[in-house]
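Trainee: Could we go through this model together, slowly, and talk about what sits inside?

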Amino acid sequence: MAQEGAVAVVDVSQLEDPKALADAIASALGSTGFLFIRGHGMEEQAKEMFRLSERFFKEESAEEKKRCAYDNNRGYTYVSQEQLDPDHPAPDLKEGFNTGFIERGNPSKPTHPLPALLAEHAGALSEFQHSCFEFCQRLMRAFAVALELPVDFFSSRHHEGPDSTSILRFLHYPAIPPGAKVANIRAGAHSDFGSCTLLFQRPEGGDGLEILPPGEPLEGGRWKPTGMVPDAVLVNIGDALELWSGARFKSTLHRVVLPSPIPPEGIPERFSMAWFFQPTSSASLKTCVDVTSISEYDLERMEKKGVKPGADITAGQHLQARLDSVYKLAKAAA
Ligand SMILES: O=C(O)CCC(=O)C(=O)O
Ligand SMILES: [Fe+2]
């Protein structure tokens, strides 16, 4: 397996069998929780989605963005609305649009308001969501095999449908002009909430994503850049699967930083897209391995995030608790 900076790289184009896939990916996702995957088959769709995302952020009217403002984890979030790391003094310098389930074959009836420019492309959005869903189900089968569970253990606890909580998120980090005095964080330190995330980064201006590799002290540890692998998707484990798997798969802290000080020429804008793959809301996240086998370090890391191994919590309850912690500052200010 190749290594790009702190994160391993693997090509899965020939790995249809869950066991072969498990052998190729489980160790990286069990150590750093992050893995670049090549040969995923979504390369062209991802490029089309980046074109759509750029048009949306640059050309969509303020009225449409307001009409489709963030609600129930869907819709538009403006720059500085979020603060992923509540301990950091400044809010995140990014804007986003979260798309919930759009039915293939019936894209003109989305489950929440879509701005005009995105509504025109609802069919392509639903196809891309479906590709992300299928790819994650492939990963879920591999994870079940790696943990010696029935192959469908995780995949049968995910579904596509109007009540699914998986989200496709477009992200735009505006350019930082020369001489700007800003905090050096574009997105604060956090871990993702769901089973896993597929992160697509547009190569131009895409730098800045860092992870805190498990094992590093939680305070004052050394952050490492993930690097960038063109056409690969970056997969990372989220808190739900970390909890479920008794930390056999790690939900690693990550953030997006700016250089400090900002260089004289400024910093270009950055685009990324995340598919947050969530379990079915009613699924129990009770740990499916022996809880006593979790290391002290992992227990401390999980407790800091408010995640209690062994607790019989549903995926829906877990998601709501994590969302409330991210948006509480925005709500308090509203
Ligand atoms: O934009 C990125 O590269 C990272 C975004 C991220 O981690 C998130 O939205 O959860
Ligand atoms: Fe994230």
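Mentor: Let us start with S272, which has a polar side-chain atom 2.6 Å from an oxygen atom of ligand 1, a polar contact in the sense of a pair of N or O atoms within 3.5 Å. Taken alone, ligand 1 exposes 290 Å², and the protein buries 96% of that, with accessible areas coming from the Shrake-Rupley method with a 1.4 Å probe. Please keep in mind that this is a predicted model, in which local features need pLDDT of at least 70, side-chain atom pairs count only at pLDDT 80 or more, and totals for chains, interfaces and linings use all residues. Side-chain values use heavy atoms, leaving out hydrogens and water, while residues are numbered from 1 along each chain as its sequence is written, and chains are lettered from A and ligands numbered from 1 in the order in which they are written.

Trainee: Which residues surround ligand 1?

Mentor: The surrounding residues are L171, Y173, H190, D192, L199, H254, V256, R270, S272 and F276, where near means that a heavy atom of the residue lies within 4 Å. By class, this shell has five nonpolar, three polar and two charged residues.

Trainee: And which strand gives the most to that shell?

Mentor: That is β13, with three residues, and β6 (167–173), β12 (254–257) and β13 (270–277) each supply at least two; strands here are DSSP runs of E with at least two residues, and helices are runs of H or I with at least four, numbered from the N terminus.

Trainee: OK, new topic: what are the protein donors of the iron ion?

Mentor: The iron ion, ligand 2, has H190 (NE2), D192 (OD) and H254 (NE2) as its protein donors, lying 2.1 to 2.2 Å from it, and a donor is an N, O or S atom within 2.8 Å of the metal (3.2 Å for Na, K and Ca). In sequence these donor residues are spaced H-x1-D-x61-H. D192 lies in the loop between β7 (185–190) and β8 (196–201) and H254 in strand β12, so the pair ties together parts that are 62 residues apart in sequence.

Trainee: Where is P261, and what is the peptide bond from S260 to P261 like, cis or trans?

Mentor: P261 is in the loop between β12 and β13, and the bond from S260 to P261 is cis, with omega near 0°. Most peptide bonds are trans, and most residues other than glycine have a negative phi. N72, although not a glycine, has a positive phi of about 55°, and N72 is found in the loop between α3 (62–67) and β4 (75–77).

Conventions. Polar contact = N/O pair within 3.5 Å; in protein donor to acceptor, adjacent residues only side chain to side chain. Nonpolar A, V, L, I, M, F, W, Y, C, P; charged D, E, K, R; others polar.
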